[in-house]
Amino acid sequence: MTLQAALAGDRPGPSCGSGLGQELARLTYRHQLPYAVHVRAYSIPQFGIDALSLIEKPDLQPGPGQALVAMKAWSLNYRDMLVIQGKYNPKMKLPMTPFSDGTGEVVAVGEGVTRVKPGDRVAGIFMQGWLAGDYRDEYGKTAMGGAIEGVLAEQVVLDAQGLVKLPGYLSFEEAATLPCAAVTAWDSVVTQGQIKAGDTILVLGSGGVSIFALQFARLHGARVIATTGSDAKIERLKALGADHVINYNSTPDWHKEVLKLTGGVDHVVEVGGAGTLVKSMMATRGGGRVSVIGNLSGLSTEVNVGMILHKFLTVKGIFVGSREMFESMLRGMELAHLKPVIDRVFGFEEVRQALDHMEKAAHFGKIVVARP
Ligand SMILES: NC(=O)c1ccc[n+]([C@@H]2O[C@H](COP(=O)([O-])OP(=O)(O)OC[C@H]3O[C@@H](n4cnc5c(N)ncnc54)[C@H](OP(=O)(O)O)[C@@H]3O)[C@@H](O)[C@H]2O)c1
């Protein structure tokens, strides 16, 4: 199925080796595979981590404009957990393959593909249709592992336009952490946030998005205040460059502490949602910005509009980012040799354990799944 069809709202799926799809692929296939491939893929037949199953899919071939990617590594996002549990979209069509983030090597390309070639190391972009420019509603219909099929499979076929090439200094595991969390942090801090040296940024917790936001803020010469619910993570956040770290459990009025330290931050990377949004707004200086990204503590809360009005706040929703942002982020990261923080790497057969690990929230940085 073409990306255009996905943008039009159809349910997409890779070309597969049966019937008309196979015939079409045979006609258009440029680089024949040297061997028959049986692809293992994770599938959600019904909601719940226990229902997650490893199934075999027919071998894949790329259609026109598509690339076949042998996947090597994936990373988990909090969203993947919600998707699998049925909390992200209870009406989601099942079965489906989960996960938005993965990296691998191109093994074949279909007709007309010049953007990538066999042997290239690539990552899929989160919203396959959002290549550049401002967000538009139809891009949301191309979000992998949610609106469309995800990438938790040994091989996937993606539109070549929906891929970015990886810099050589990042391993497949490291680069697999980037498509959702890192691009979201880059969009928030750099593209929308227009960060500059000397700014002060507040990041909440030590999850994937927040640690990337911390790293990107430091990259631009900004001061970072971080919160965490765990004393054990305080030194690790400081080692990454946080100037001050506040434990939000032992200091429930952490926003007052932030105000004492800074007089009000320029920008909050707000991943907490209902339980933290108002405090985040209070911790921001007049004229500052709150990037609304996550809902770790719920979705719905009461907000006093007066605070936005009288403080001249910019309260801005963020939904990951475009391919253009991803590529700009990769250039910035490569120049600085900036490495993602990986908490732990699980095997391809250990995805349920990886999800359990995420659910316990004891991780620091990104949880990764990889295969040899
Ligand atoms: N809008 C978007 O495009 C976008 C993209 C990516 C993620 N998100 C959302 O952003 C949120 C974070 O995602 P993630 O992948 O970074 O999650 P994650 O890696 O699972 O990070 C979660 C961490 O946040 C901290 N935390 C948990 N509850 C908290 C609370 N009530 N207040 C402050 N910190 C809390 C904990 O760190 P400590 O142990 O240090 O406290 C926890 O380990 C999720 O809601 C996710 O759905 C949105």
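This is a predicted model: local features need pLDDT of at least 70, side-chain atom pairs count only at pLDDT 80 or more; totals for chains, interfaces and linings use all residues.
Start with the overall division. The protein chain splits into domain 1 (3-177 + 340-370) and domain 2 (181-317). The two domains touch. Nine residues of domain 1 are in contact with nine residues of domain 2. On the domain 1 side, this contact has five nonpolar, three polar and one charged residues.

Now look at a sheet. Six strands form an open sheet in the order β10-β9-β8-β11-β12-β13, and their pairing is parallel. Which strands stand at the edges? They are β10 (244-247) and β13 (314-317). Each has a single partner strand, so one side of each is left without a neighbour in the sheet. Neighbouring strands are turned against each other by 15° on average, with direction ignored.

Strand β8 (residues 200-204) pairs with strand β11 (residues 265-270) in the parallel sense, over three bridges. Within this pair, Ile201 stands opposite His267 in β11.

Helices pack on the sheet too. Helix α5 (residues 178-192) touches β8, β11, β12 (284-292) and β13. The direction of α5 makes about 155° with that of β11. Helix α6 (residues 208-219) also packs on the sheet, where it touches β8, β9 (223-228) and β11. The direction of α6 makes about 165° with that of β8.

Stay with α5 for a moment, and follow it to another helix. Helix α5 packs against helix α11 (residues 323-336) at an angle of about 85°, and their axes are 10 Å apart. Angles of 65 to 115 degrees count as roughly perpendicular, so α5 is roughly perpendicular to α11. Which residues make the contact? From α5 come Ala182, Val183, Trp186, Asp187 and Thr191. From α11 come Met325, Phe326 and Met329. By class, this contact has six nonpolar, one polar and one charged residues.

Turn to the ligand. How many residues surround the ligand? There are 34, and the closest are Gly205, Ser206, Gly207, Gly229 and Gly294. Some elements give two or more residues to this shell: α3 (78-85), α5, α6 and β9. The shell around the ligand has 14 nonpolar, 18 polar and two charged residues. Domain 1 and domain 2 each supply at least three residues to the shell.

Finally, check two spots in the backbone. Most residues other than glycine have a negative phi, and most peptide bonds are trans. Pro95 lies in the loop between α3 and β4 (101-109). The other place is Gln194. You will find Gln194 in the loop between α5 and β8.

Definitions and conventions. Residues are numbered from 1 along each chain as its sequence is written. Two strands pair if DSSP finds at least two bridges between them. Helices (H or I, at least four residues) and strands (E, at least two) are DSSP runs, numbered from the N terminus. Axes are lines fitted to C-alpha atoms, for helices over the stretch in contact, and angles run from 0 to 180 degrees between N-to-C directions. Two residues are in contact if their C-beta atoms, placed from the backbone, lie within 7 Å. A residue is near a molecule or strand if its C-beta atom, placed from the backbone, lies within 6 Å of it. Ala, Val, Leu, Ile, Met, Phe, Trp, Tyr, Cys and Pro count as nonpolar, Asp, Glu, Lys and Arg as charged, and the others, Gly among them, as polar. Domain bounds come from an automatic or database domain assignment. Angles under 35 degrees count as roughly parallel, over 145 as roughly antiparallel, 65 to 115 as roughly perpendicular and the rest as oblique.
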